Amino acid sequence: MLILRQPVGNHVCINRTNRRDSLHLALEVDFDLIILDVMLPALDGWQVLSRLRGAGRKALVLMLTARDAVHHRVQGFELGADDYLIKPFAFSELLARVRSLLRRAPPRTQETLRMADLEIDLLRHRATRAGQRLDLTAKEFLLLTLLARRAGEVLSRTLIAEMVWDMNFDSDTNVVDVNVRRLRSKVDDPFPRKLIHTVRGAGYVLEVAA
């Protein structure tokens, strides 16, 4: 998977051959454009795209595939792909597609997530509460961002495990509960208003309780 970021009039390319590293990076960072091969080991391109869109990632996605059947292209568009390039292709065509997608992309509109006195700076990977910097690990920041992007929605432990740790949830594994407790100790415990709530038998939700 090749990931492109467009700061100010410039592109930084990050080429990741490791699927897990690429998916985690794409979930943690807001990129402008992701070039995604359908044929990936373990998780295929459709599954990766589904996880990205499920996590609220808005990056443009250009799919590379040797499958040129209409139903394959329809499947990708329905999952949220922005364009397709059929293999084999000329590198000049790939560059042209990338430039065209980036020209059509709307300007960034959301670089900060806010709820009550919680503020998450997505570009700088910083979170504050009541103006106080929260000392979060990379996974804690990713977990908090996932909850904030889907604020008000109860997220199951299975979904959280898949999105944050790229793992299938095992009922004997308490990794999600342990990390939510650690996140709460930083986000909620020092403050009177609690934002992270447990929904018994369902999962967790970030919201301002009535």
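Which backbone oxygen does the side chain of Ser185 reach at 2.5 Å? The side chain of Ser185 reaches the backbone oxygen of Arg182. This is a predicted model, where local features need pLDDT of at least 70, side-chain atom pairs count only at pLDDT 80 or more, and totals for chains, interfaces and linings use all residues. Residues are numbered from 1 along each chain as its sequence is written, and side-chain values use heavy atoms, without hydrogens or water.

**Ser185**
- Ser185 is part of helix 7.
- Ser185 has 35% relative accessibility, so it counts as partly exposed (between buried, under 20% relative accessible area, and exposed, over 50%; 1.4 Å probe, protein chains only).

**Helix 7**
- The 13 residues of helix 7 should span 18 Å at 1.5 Å a residue, and the end C-alpha atoms are 18 Å apart, which agrees.
- Its buried residues include Val178, Val180, Leu183, Arg184 and Val187.
- The buried residues of helix 7 pack against strand 8 (126-129), helix 5 (138-149), helix 6, strand 10 (196-199) and strand 11 (203-206).

**Helix 6 against helix 7**
- Helix 6 (residues 157-165) packs on helix 7 (residues 175-187) at about 80°, with axes 10 Å apart.
- That makes the two helices roughly perpendicular (65 to 115 degrees).
- Helix 6 brings Arg157, Ile160, Ala161 and Trp165 to the contact, and helix 7 brings Val175, Val176, Asp177 and Asn179 (contact means heavy atoms within 4.5 Å).
- These contact residues divide into 5 nonpolar, 1 polar and 2 charged.
- Val175, Val176, Asp177 and Asn179 are also among the buried residues of helix 7.

Terms used:
Axes are lines fitted to C-alpha atoms, for helices over the stretch in contact, and angles run from 0 to 180 degrees between N-to-C directions. Helices (H or I, at least four residues) and strands (E, at least two) are DSSP runs, numbered from the N terminus. Angles under 35 degrees count as roughly parallel, over 145 as roughly antiparallel, 65 to 115 as roughly perpendicular and the rest as oblique. Ala, Val, Leu, Ile, Met, Phe, Trp, Tyr, Cys and Pro count as nonpolar, Asp, Glu, Lys and Arg as charged, and the others, Gly among them, as polar. The expected span of a helix is 1.5 Å times one less than its number of residues. A polar contact is a pair of N or O atoms within 3.5 Å; within protein, one must be able to donate a hydrogen and the other to accept it, and residues adjacent in sequence count only if both atoms are side-chain atoms.
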